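Have the sequence and the 3D view ready.

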Amino acid sequence: MLHLASQSPRRRELLGRLGVEFGVLDIDVPERRDPAEAPADYVRRVAREKAGAGLLRVVGVPGAVVLGADTEVVLGDEVFGKPRDERDAAAMLRRLSGRTHEVVSAVSLVSAAREAQAVSVSQVTFAEISEAQIAAYVATGEPMGKAGAYAIQGRGEAFIRHLSGSYSGVMGLPLHETSDLLSQFGIGHGDGCSDRVPA
């Protein structure tokens, strides 16, 4: 049985697109980057810790497999997590305006017997965003709870001039890499799993 160690509705939606049945685990893992930690290493570590924490919750379930994921917006050596408040969201959007940033999305899959991980790195170029556009977008509430203060699957898509990489990865779960990992664990299309997502 596959378990998603995340309460993110975006990850639930994306994983459901792969047509696999899965349960959802509410995992709370601290997301704090060590000052000496490279951004990609940080994202990989958090994804692995989420999967590991999830596995501890279902370790007694035969055949349990847990998927953990983390996605962060990176500009230079700075990691843009979720904004603390509207002011922080607006500050992030100003920094991203007219520039190209990376979105690093790591996926970890673990069972009692093995572990595997994949990373997707996408380049996203923002158009110049005016103060009025930033204020209007922040007022929608969409930036809250989103790494980098924007949602590519929502109104934030209008700011994106160019994307090189994985759209689903920027959303929060790179489906190509995830599908490959699931196949390594014998999970995927044709294995008898349904596309029903348990509540």
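L55 lies in helix 2 (helices are DSSP runs of H or I with at least four residues, strands are E runs of at least two, both numbered from the N terminus). This is a predicted model, where local features need pLDDT of at least 70, side-chain atom pairs count only at pLDDT 80 or more, and totals for chains, interfaces and linings use all residues. Residues are numbered from 1 along each chain as its sequence is written, and side-chain values use heavy atoms, with hydrogens and water left out.

Why does L55 count as buried? Its relative accessibility is 16%, and buried means under 20% relative accessible area, with exposed over 50% and partly exposed in between (1.4 Å probe, protein chains only). Leaving aside residues up to four places away in sequence, L55 touches A64, V66, V110, S111 and A112; contact means heavy atoms within 4.5 Å. The C-alpha atoms of L55 and A5 are 8.6 Å apart, although 50 residues separate them along the chain.

Now for another pair. Helix 3 (residues 86-96) and helix 4 (residues 131-139) have axes 10 Å apart. Their contact is made by E86, A89, A90, L93 and R94 of helix 3, together with E131, I134, Y137 and V138 of helix 4.

Technical notes. Axes fitted to C-alpha atoms, helices over the stretch in contact; angles between N-to-C directions.
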